[in-house]
Amino acid sequence: MRPLAGLLVGLAALAAASAAAAAPKARATPLSASAAGEVTRLRASAGLGPVVADPALTRAAEAHAQAMRNAGTMSHDVGGSFSARIAAAGIRTTQAAENIAAGQRSLAEAMASWTASSGHRANMLSRGVTRIGLGRADGAGGPFWAMILAAPEPPPRRAGDSPSGGGGAVFFGLPIPLRP
């Protein structure tokens with residue numbers, strides 16, 4: 001009887017692992033996908049490659065938009081510094097930038113504001129950027145918008161690699177080191 005019970009437990013564990021592996025991966029929201037399209041069009045007009053919506057960046061952007069709404073203010077530092085928030089979200093990158101806005105009623109209005117601002121536009125036109133996440137939170141003083149752009153995820157660090165590794169975030173064109 002015991003060998004049969006062990007076999008059943010093993011089969012149940014195998015079935016659970018197979019189901020988890022077959023589960024769909026997290027996806028970015030339709031809003032992030034729309035933003036990726038808008039930013040890709042802007043980048044194409046400047047001869048740059050596309051960006052794709054990234055689920056992790058989307059979650060981080062949504063969290064920041066909600067934090068701004070909850071605080072009732074537009075700020076890069078609500079909930080901590082940008083580099084600290086990126087690290088806490090588990091986002092691995094060598095370059096990241098954030099655009100925020102408040103009061104624009106649509107993605108088109110937010111994009112128009114960012115495109116008209118030299119610093120925000122530079123973030124969207126950064127050569128190293130390939131991923132994007134966008135969050136929107138409605139509330140008094142809003143909607144609040146947060147866009148996070150990032151370079152590709154670097155390869156995993158191997159034993160013996162230097163921990164300094166460079167890398168950082170970009171805030172209005174100024175580098176901000178990210179802790180590994």
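Biologist: What separates Glu38 and Arg41 in helix α2?

Modeller: The two residues are 3 residues apart in helix α2, so about one helical turn lies between them. Helices here are DSSP runs of H or I with at least four residues, strands are runs of E with at least two, and both are numbered from the N terminus. This is a predicted model, in which local features need pLDDT of at least 70 and side-chain atom pairs count only at pLDDT 80 or more, while totals for chains, interfaces and linings use all residues. Residues are numbered from 1 along each chain as its sequence is written, and side-chain values use heavy atoms, with hydrogens and water left out.

Biologist: What makes the pairing of Glu38 with Arg41 a salt bridge?

Modeller: The term requires a side-chain nitrogen of Lys or Arg within 4 Å of a carboxyl oxygen of Asp or Glu. The closest N and O atoms of Glu38 and Arg41 are 2.8 Å apart, so the pair meets the rule. By this rule the count comes to 6 salt bridges.

Biologist: Why is Glu38 called partly exposed, and why is Arg41 called exposed?

Modeller: Buried means under 20% relative accessible area, exposed means over 50%, and partly exposed lies in between (1.4 Å probe, protein chains only). Glu38 has 32% and is therefore partly exposed, whereas Arg41 has 52% and is exposed.

Biologist: What does the salt bridge between Glu98 and Arg85 tie together?

Modeller: Their side chains meet at 2.9 Å, N to O. Glu98 lies in strand β2 and Arg85 in helix α4 (residues 82–88), so the pair ties together parts that are 13 residues apart in sequence. Glu98 is buried, with a relative accessible area of 0%, and Arg85 is buried too, at 15%.

Biologist: How do you know that strand β2 is largely enclosed by the rest of the structure?

Modeller: Of the 7 residues of β2 (residues 96–102), 6 are buried, and therefore the strand is described in that way.

Biologist: What makes a set of residues a nonpolar core, and which members of the largest one touch the most others?

Modeller: Such a core is a set of buried Ala, Val, Leu, Ile, Met, Phe, Trp, Tyr and Cys residues joined through side-chain atoms within 4.5 Å. The largest has 17 residues, of which Val39, Trp114, Met124, Ile132 and Met147 touch the most other members. Two or more residues each come from α2 (30–45), α5 (107–116), β3 (131–137) and β4. A second, separate core of 16 residues includes Ala60, Phe82, Ile100 and Phe144.

Biologist: Why is Ser126 called buried, and what makes its pairing with Gln95 a polar contact?

Modeller: The relative accessible area of Ser126 is 15%, so this residue counts as buried; Ser126 is found in the loop between α6 (118–124) and β3. A polar contact is a pair of N or O atoms within 3.5 Å; within protein, one must be able to donate a hydrogen and the other to accept it, and residues adjacent in sequence count only if both atoms are side-chain atoms. The side chains of Ser126 and Gln95 make such a contact at 2.2 Å.
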